[in-house]
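Here is a short tour for anyone getting to know protein structures. Keep the 3D view open and look for each residue as you read.

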Amino acid sequence: MNPVPPATPPSPQSSLVLVVDDVQQNIQVVGTMLREAGYSIMPATSGAAALQRVQKKLPDLILLDLMMPEMDGLEVCRRLKADPATQSIPIIFLTASNEVSHLVHGLAAGAVDYVTKPFTPPELLARVQTHLELKHARDTMVRYGQELSRLNEEKNEFMGIAAHDLRNPLSAIKGYSEMVMEDGESLQHRELEENGRRIRDTVARMAEMVQNLLDANRIERGEMILSLAPTDLCRVVASVVETQLPRAAAKQQTIHLECGAAPIKALIDPAVCVQVFENLVSNAVKYSPSGKNIFARLKTSDAAVRCEVQDEGPGLSAEDQKKLFGKFARLSAKPTGGEHSTGLGLSIVKKMVEAMNGQVWCESEPGRGATFVVQFPTP
Ligand SMILES: Nc1ncnc2c1ncn2[C@@H]1O[C@H](COP(=O)(O)OP(=O)(O)O)[C@@H](O)[C@H]1O
Ligand SMILES: [Mg+2]
């Protein structure tokens, strides 16, 4: 997947040129040449007028007369180059042949090129087009650079989190196995079994985490293959609830399934949907205190099938809700039963739901529980 889709190269039709000259007739001549080639023109008959016009609308390129009364082209050029908003707009000076000595200053002030009056249309148009293309190439490079450094930061964060999160279970496994090796003979069979179970559970947790990281990457690269089929969502949600019952029971929580008797069909990939609801229901279990209720609810209307997972946990602040579906979002709510948290689950959920043409969002107020809503169009 290309992170920076190439923007369309500049065409005259998509380009606006600011023409600055104190002689109205010069503007007309230049304006006609450019308009006939398809460019849009923004005229200004003084330096001050030019500076005012760029405040309202940014041109793609500026043709600037060097010699003008009051504020000359050099000063206009300096001011445009000093302003971050206009800094990158290419400026071409229009000069009379006897002004060539001033050009050095113009180029020093940041102009990219000059055209000596009188000039022919091909001469002017070639320079204009060249500098628009150069500007476009520069902008594209800057965007690629920004995108690359963003991706690099994300990679670093990813590595940091993966390393950090894998270190804890690894040292736990090390501890359990050392215990077995050093005290093996004195340990009861029951204790050995207990250690084996702990090692197995810790490995399972690590495997789950690695799977999550791989899923996140696969989805991001557009490599997730979905097979959408009309499927009864009640069965999907019911099966997920069933797998989460032991975890909820361990925290004295009750999961209520509300979906009526009739099937509620949506065009989904059942296996992917299971992952979506596993994440939502397991979050409800993970972030709710013990003894609370969790509701998994399905509703249908003409246009959409709506699935809700509602809990009586801590809820989420507006601030947390903004970050909720981002990667590595470990927010204010912390697991209430020592469970593991990577902050990846909901970012995967969002991508999966959207890949199935659905939407997912959270409705919550701090202290009043959270409701996660997944909505699919009815088939
Ligand atoms: N039902 C919920 N109630 C309160 N906070 C939640 C709930 N679900 C998720 N969160 C918050 O959002 C964060 C991101 O969740 P998620 O992406 O599933 O990652 P993880 O569960 O691995 O931390 C969690 O760390 C938690 O702070
Ligand atoms: Mg989660």
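In this predicted model, Glu354 and Lys350 form a salt bridge, with their closest N and O atoms 2.9 Å apart. The two residues are four apart in helix H10, so about one helical turn separates them.

- Glu354 counts as partly exposed because its relative accessibility is 43%, a value between the 20% and 50% cut-offs.
- Lys350 is also partly exposed, with a relative accessible area of 29%.
- Elsewhere, salt bridges with shared partners link Glu258, Arg297, Lys299, Arg306, Glu308 and Glu363 into one network.
- H10 covers residues 345-355, and its buried residues are Gly345, Leu346, Ser347, Ile348, Val349, Met352 and Val353.
- After H10 comes Asn357, which has a positive phi, near 65°.

**Other salt bridges**

- Side chains of opposite charge can pair when their charged atoms come close.
- How many salt bridges does the structure hold? There are 21 salt bridges.
- One of these joins the side chains of Lys117 and Asp21, at 3.3 Å from N to O.
- Lys117 sits in strand S5 (residues 113-117), while Asp21 is in the loop between strand S1 (16-20) and helix H1 (24-36), so this pair ties together parts that are 96 residues apart in sequence.
- Is Asp21 buried or exposed? Asp21 counts as buried because its relative accessibility is 2%, and buried means under 20%.
- Glu75 and Arg78 are three residues apart in helix H3 (residues 73-82), so about one helical turn lies between them.
- Glu75 is partly exposed, with a relative accessible area of 25%, and Arg78 counts as partly exposed at 44%.

**The largest pocket**

- The largest pocket has a volume of about 1300 Å³.
- Its lining is made up of 47 residues, and those nearest the centre are Arg247, Ser282, Asn283, Lys286 and His340.
- The elements giving two or more residues to this lining are H6, helix H7 (233-250), H8, H10 and S12.
- Which element gives the largest share of the lining? That is H8, with eight residues.
- Sorted by class, the lining has 17 nonpolar, 19 polar and 11 charged residues.
- Where does the largest pocket lie? Domain 2 (155-220) and domain 3 (229-377) both contribute lining residues, so the pocket lies between them.

**A spot in helix H7**

- Ala249 is part of helix H7.
- Ala249 is partly exposed, with a relative accessible area of 48%.
- From C-alpha to C-alpha, Ala249 and Ser290 are 9.1 Å apart in space, although 41 residues apart in sequence.

Key: Residues numbered from 1 in each chain as written. Chains lettered and ligands numbered in written order. Predicted model: local features only at pLDDT ≥ 70, side-chain atom pairs only at ≥ 80, totals over all residues. Heavy atoms only, no water. Buried < 20%, exposed > 50% of the residue type's maximum accessible area, 1.4 Å probe, protein only. 1 Å grid on protein atoms, 1.4 Å probe; cavity = no way out; pocket = protein on both sides within 12 Å on 5 of 7 lines; lining within 4 Å. Points joined across faces, edges and corners; volume = space filled by probe spheres on them. Nonpolar A, V, L, I, M, F, W, Y, C, P; charged D, E, K, R; others polar. Domains from an automatic or database assignment. Salt bridge = Lys/Arg side-chain N within 4 Å of Asp/Glu carboxyl O.
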